[in-house]
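Some questions about this two-chain assembly are worked through below, each answered from the coordinates alone. Please keep the sequence and the structure in view while reading.

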Amino acid sequence: MKYGILVNEGPYTHQASDSAYKFTKAAIDKGHEVFRVFFYHDGVNNGTSLAVPPQDDRHIPDQWSALAKDHGVDLVLCVAAAQRRGILDEDEAKRNGKTSHNVIEGFRISGLGQLIEAGIQADRLVVFGD
Amino acid sequence: MDNDDDQVVKKFMYMNRKAPYGTIYALESLEVVLIAAAFDQDVSLVFADDGVYQLTNSQSTDDIGMKNFSPTYSALGDYDIKKIYIEKESLDERGLTLEDLQALTYEDEDDDWAEKDSIHLVSREELAEVIDQQDVVFSF
């Protein structure tokens, strides 16, 4: 089965991104295809490279990053939602006159059309939110 | 809507369940809907639970420093979004009627551009059936 995933909440405050991560990983481990994981609303905060959680806790952005590295999962941050919340990649930072950028490896920034495309392409689109 | 072999048309539903202010969900949901309109899919919107407040008349956000985005809903018809479902029980539970909500219409190209009502008032049971017919359901 081909899945699309939508993550609407940020890390730690809500369990949604943990659940989405576990679901995505389980789907891949079972041999399913995950077409794309799209991050919207506060979900874009999953893509920060600046999170420093306590050492005895899970590192959610690193977990996603590793998933992209190990399985080539397409992790997409909504550009409008990310800009609002101060999540910028190098190009976006340059374009907006900012001196730093903070998107962790494995994520890319793109538009909402990527979410709609995931809905069209996937057999099932699963939403993780509050 | 044309549906030839190389163009997939799916039924997309956008479910709005939260109040317009207090959280950003309603505003960002509307942003998704307006983008989605460009993809020529079969789009439905639902307003249920506190989401019915998104369509109330005479919203004023002057004192909270946020943009009043409610006038944007009236443009949905121009984006060819003409299936808007409002759950009756959600209105009843909040002491609201359709009179308290803004009118949403579209111009029917198959009927000499006559202006028609986009709003369908449905019961919770009827809404469940409509949800059941969808391919993709986004809940915000």
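Q: In strand 4 of chain A, which residue is the bridge partner of V76(A)?
A: In this predicted model, strand 3 of chain A, which covers residues 75-78, pairs with strand 4 of chain A in the parallel sense over four bridges. V76(A) falls within that range, and its bridge partner in strand 4 of chain A is R108(A).

Q: Which strands stand at the edges of the open sheet of chain A?
A: The open sheet of chain A has five strands in the order 4-3-2-1-5, with parallel pairing. Each of the two edge strands has a single partner strand, so one side of each is left without a neighbour in the sheet. The strands in that position are strand 4 (107-110) and strand 5 (124-128) of chain A.

Q: What angle does the direction of helix 1 of chain A make with that of strand 1 of chain A?
A: Helix 1 of chain A, formed by residues 16-29, packs on the sheet and touches strand 1 (2-7), strand 2 and strand 5 of chain A. The angle between the direction of this helix and that of strand 1 of chain A is about 165 degrees.

Q: At what angle does helix 2 of chain A run to strand 4 of chain A?
A: Helix 2 of chain A, which spans 60-71, lies across strand 1, strand 2, strand 3 and strand 4 of chain A. Relative to strand 4 of chain A, this helix runs at about 90 degrees.

Q: With the side chain of which residue does the side chain of D42(A) make a polar contact?
A: Leaving aside neighbours within four places in sequence, D42(A) is in contact with N8(A), E9(A), G10(A) and R85(A). A polar contact at 2.6 Å joins the side chain of D42(A) to the side chain of R85(A).

Q: With which side chain of chain B does R85(A) meet in a salt bridge?
A: The count of salt bridges between chain B and chain A is three. In one of these contacts, at 3.0 Å from N to O, the side chain of R85(A) meets that of E28(B).

Q: Which residues of chain B lose the most area to chain A?
A: The contact takes 21 residues from chain B and 18 residues from chain A, and the two chains bury about 1600 Å² between them, 63% of it on carbon and sulfur atoms. Three residues together account for 30% of what the side of chain B buries, and they are Y25(B), E28(B) and F138(B).

Q: Which element gives the most to the side of chain B that touches chain A?
A: Across the interface, nine residue pairs are in polar contact. The elements that give two or more residues to the side of chain B are strand 1, helix 1 (25-36) and strand 7 of chain B. With eight residues, the element that gives the most is helix 1 of chain B.

Q: Which residue of strand 7 of chain B is the bridge partner of M15(B)?
A: The open sheet of chain B has the order 6-3-2-1-7, with parallel pairing, and its edge strands are strand 6 (119-122) and strand 7 (136-139) of chain B. Strand 1 of chain B, residues 11-16, pairs with strand 7 of chain B over four bridges. The bridge partner of M15(B) in strand 7 of chain B is S139(B).

Q: Is E87(B) buried or exposed?
A: E87(B) has its place in strand 3 of chain B, residues 84-87, and touches residues including F47(B), V52(B), V122(B) and L127(B). Its relative accessibility is 5%, and because the cut-off is 20%, E87(B) counts as buried.

How values were computed. Residues are numbered from 1 along each chain as its sequence is written. Chains are lettered from A and ligands numbered from 1 in the order in which they are written. This is a predicted model: local features need pLDDT of at least 70, side-chain atom pairs count only at pLDDT 80 or more; totals for chains, interfaces and linings use all residues. Side-chain values use heavy atoms; hydrogens and water are left out. Two strands pair if DSSP finds at least two bridges between them. Contact means heavy atoms within 4.5 Å. A polar contact is a pair of N or O atoms within 3.5 Å; within protein, one must be able to donate a hydrogen and the other to accept it, and residues adjacent in sequence count only if both atoms are side-chain atoms. Buried area is the accessible area (1.4 Å probe) that two parts lose on being put together, summed over both. A salt bridge is a side-chain nitrogen of Lys or Arg within 4 Å of a carboxyl oxygen of Asp or Glu. Buried means under 20% relative accessible area, exposed over 50%, partly exposed in between (1.4 Å probe, protein chains only). Axes are lines fitted to C-alpha atoms, for helices over the stretch in contact, and angles run from 0 to 180 degrees between N-to-C directions.
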